[in-house]
Amino acid sequence: MAKRIGVIGAGIAGAWIGNQLRDAGHDVVVFEKSRGMGGRMATRRNGDFAFDHGAQFFTARTKEFRTLIESYPEVVAQWQPRLVTLGDVEKTFKREWFEPHFIGVPGMGSLCRELLMDVPVELQTEITDLQQSSNGWCVYDHNGRKFDCHWIISTAPAEQTRKLLPFAPLETVTYAPCFTLMAGLETRPTFDAAVVRGRALEWLAVTASRPGRPARPGIIAHASGDWSREHYDVDQAKISQWLIEELRELGVAVGSHVSLHRWRYARVMKPHREPYWLDGSNRVAACGDWGIGARIEDAFGSANLLLPRLIDLWEGKP
Ligand SMILES: Cc1cc2nc3c(=O)[nH]c(=O)nc-3n(C[C@H](O)[C@H](O)[C@H](O)COP(=O)(O)OP(=O)(O)OC[C@H]3O[C@@H](n4cnc5c(N)ncnc54)[C@H](O)[C@@H]3O)c2cc1C
């Protein structure tokens, strides 16, 4: 029998779960608190620039994820940057990547948007309360709107899932935060991407090197998890100044359109002991990168492992 399923989050885990359960004939609704789909696969447009300020790329190490991205060639492209190492190294050196690295086009979240093409998605809808009912769950958003669902699947980061479902046993999952500085450039650097050693910054990418992005060069600069944690509550104008100064020391002159984003839950440091959480008697489940690791492919993998368990449960199989 078709179930009404509320999926919290329109990142890659929620998009894949939503897509598959709808194809299986269920009545799915996805709730997403932000204005767009993709979650941490995110692109911010500012003037002539497009900054992918969250995840930088995805690899496809499993057959299942390779099959998925091969099914959507119009929204996935391979990125082959000139990659170097900068920072506290004796001299700048070129690095090689030994496997293909992909990005979403025209934005990082395009694959999620495509997966959710035929699924109802309630954007700008933050779920703030979940209450059990005789038939499943009453789901409330930040405006007090109520939705009735037979089942709830949360794909929010583990701590956010626990705020809604305090009995979810995800308390040991930990994340590193990340400050992302975005800025237009005066001149394009000689590299397209850089791993930075021994500094506050750990990663740089030149926007114009990325397929499907505008030609005007901008820089995406990620601070390391340790540095971001240490400076998490510092005034953000100060953080921007420090990171701009560090970029200058690394030979990158920042121009216009400077902005900063602070990710509270950027990369999973300690994953959960299981790839997902399923509580059949309470009709609730959760999945996301935290089930496996710190990558887009892990979030997909977690959702993809949960799916057959849910279907078996609903079909009465042990
Ligand atoms: C700065 C940064 C760099 C990264 N670099 C890489 C990289 O290079 N390669 C890589 O593979 N991975 C990278 N990652 C990690 C990768 O982005 C994640 O592992 C992956 O996108 C997680 O997908 P998800 O679906 O599990 O969660 P998310 O993408 O976080 O999706 C969860 C969604 O739930 C929504 N949500 C949360 N709470 C609620 C609520 N109460 N109501 C409604 N909606 C809610 C959120 O808005 C979000 O859209 C990076 C992440 C960051 C932040």
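I began with helix 1: its buried residues (buried is under 20% relative accessible area with a 1.4 Å probe, protein chains only) pack against strand 1 (4-8), strand 2 (27-31), helix 2 (63-71), helix 3 (110-115), strand 13 (151-154) and helix 7 (296-314). Contact here means heavy atoms within 4.5 Å; helices (H or I, at least four residues) and strands (E, at least two) are DSSP runs, numbered from the N terminus.

I noted that this is a predicted model, where local features need pLDDT of at least 70, side-chain atom pairs count only at pLDDT 80 or more, and totals for chains, interfaces and linings use all residues. Residues are numbered from 1 along each chain as its sequence is written, and side-chain values use heavy atoms, with hydrogens and water left out.

I looked up which residues of helix 1 are buried and found I12, A13, G14, A15, W16, I17, G18, N19 and L21. Nine of the 12 residues are buried, so helix 1 is largely enclosed by the rest of the structure. Just after helix 1, I found G25 with a positive phi of about 95°.

Strand 1 pairs with strand 13 in the parallel sense over four bridges (pairing needs at least two bridges found by DSSP). V7 stands opposite I153 in strand 13.

Last, I checked helix 2 against helix 7: E64, F65 and L68 in helix 2 meet I296, E297, F300 and N304 in helix 7.

Conventions:
Buried means under 20% relative accessible area, exposed over 50%, partly exposed in between (1.4 Å probe, protein chains only).
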